Amino acid sequence: MTADTFKHEIADALKAYDKYVICIDKVPEDCEASLKSLMEKAIKAYENRGPNLRHGIALDRQVTVILSQGDGPRPLCGIYFNLHSPYQKNALPTTVKKMGEASPKNED
């Protein structure tokens, strides 16, 4: 089993990446190289997994590749983009305080 075994899944992921994902760190050409490298790592993890484990996983900051044991001889393949924005604001509403912060006192 090699990364070429999953060339259809890689091609679909690259189409989605090119169309929907904006990534400052990876241009589409770098994404393709990353996908192939991660696929090889996931295959290695899958082939060397423990007796009761069903998955092989490889990831970097932008992409996760998972191979899962299925009913057939070929594992199922999932490629996920780890969507993250460096521009994301704090998700907590202003009424919620982070743990460890003192709550505001009422000055009525």
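A crossing of two helices is right-handed if the near helix is turned clockwise from the far one by less than a right angle, and left-handed if anticlockwise. The exercises below concern a predicted model.

**Exercise 1.** Describe how helix α1 packs against helix α2.

*Solution.* 
Step 1. Two packed helices are described by the angle between their axes and the distance between the axes.
Step 2. For α1 (residues 7–20) and α2 (residues 28–47), the angle is about 145 degrees and the axes lie 10 Å apart.
Step 3. The crossing of α1 past α2 is right-handed.
Step 4. On the α1 side the contact is formed by Ile-10, Ala-13, Leu-14, Tyr-17 and Asp-18, and on the α2 side by Pro-28, Cys-31, Glu-32, Leu-35, Lys-36 and Met-39.
Step 5. Sorted by class, this contact holds eight nonpolar residues, three charged residues and no polar ones.

**Exercise 2.** Determine whether Glu-9 is buried or exposed, and state which residues it contacts beyond its neighbours within four places in sequence.

*Solution.* 
Step 1. Glu-9 is located in helix α1.
Step 2. A residue counts as buried under 20% relative accessible area.
Step 3. Glu-9 has a relative accessible area of 19%, and therefore it is buried.
Step 4. Apart from those neighbours, Glu-9 contacts Arg-74, Cys-77 and Ile-79.

**Exercise 3.** Describe the two faces of strand β1 and its pairing with strand β2.

*Solution.* 
Step 1. In a regular strand the side chains alternate between the two faces of the sheet.
Step 2. In β1 (residues 55–59), Gly-56 and Ala-58 belong to the covered face, whereas His-55, Ile-57 and Leu-59 belong to the uncovered one.
Step 3. β1 pairs with β2 (residues 63–68) in the antiparallel sense, over five bridges.
Step 4. Ser-68 in β2 is the bridge partner of His-55.

Definitions and conventions
Residues numbered from 1 in each chain as written. Predicted model: local features only at pLDDT ≥ 70, side-chain atom pairs only at ≥ 80, totals over all residues. Heavy atoms only, no water. Axes fitted to C-alpha atoms, helices over the stretch in contact; angles between N-to-C directions. Helix = DSSP H or I, 4+ residues; strand = E, 2+ residues; numbered from the N terminus. Contact = heavy atoms within 4.5 Å. Nonpolar A, V, L, I, M, F, W, Y, C, P; charged D, E, K, R; others polar. Buried < 20%, exposed > 50% of the residue type's maximum accessible area, 1.4 Å probe, protein only. Pairing = 2+ DSSP bridges.
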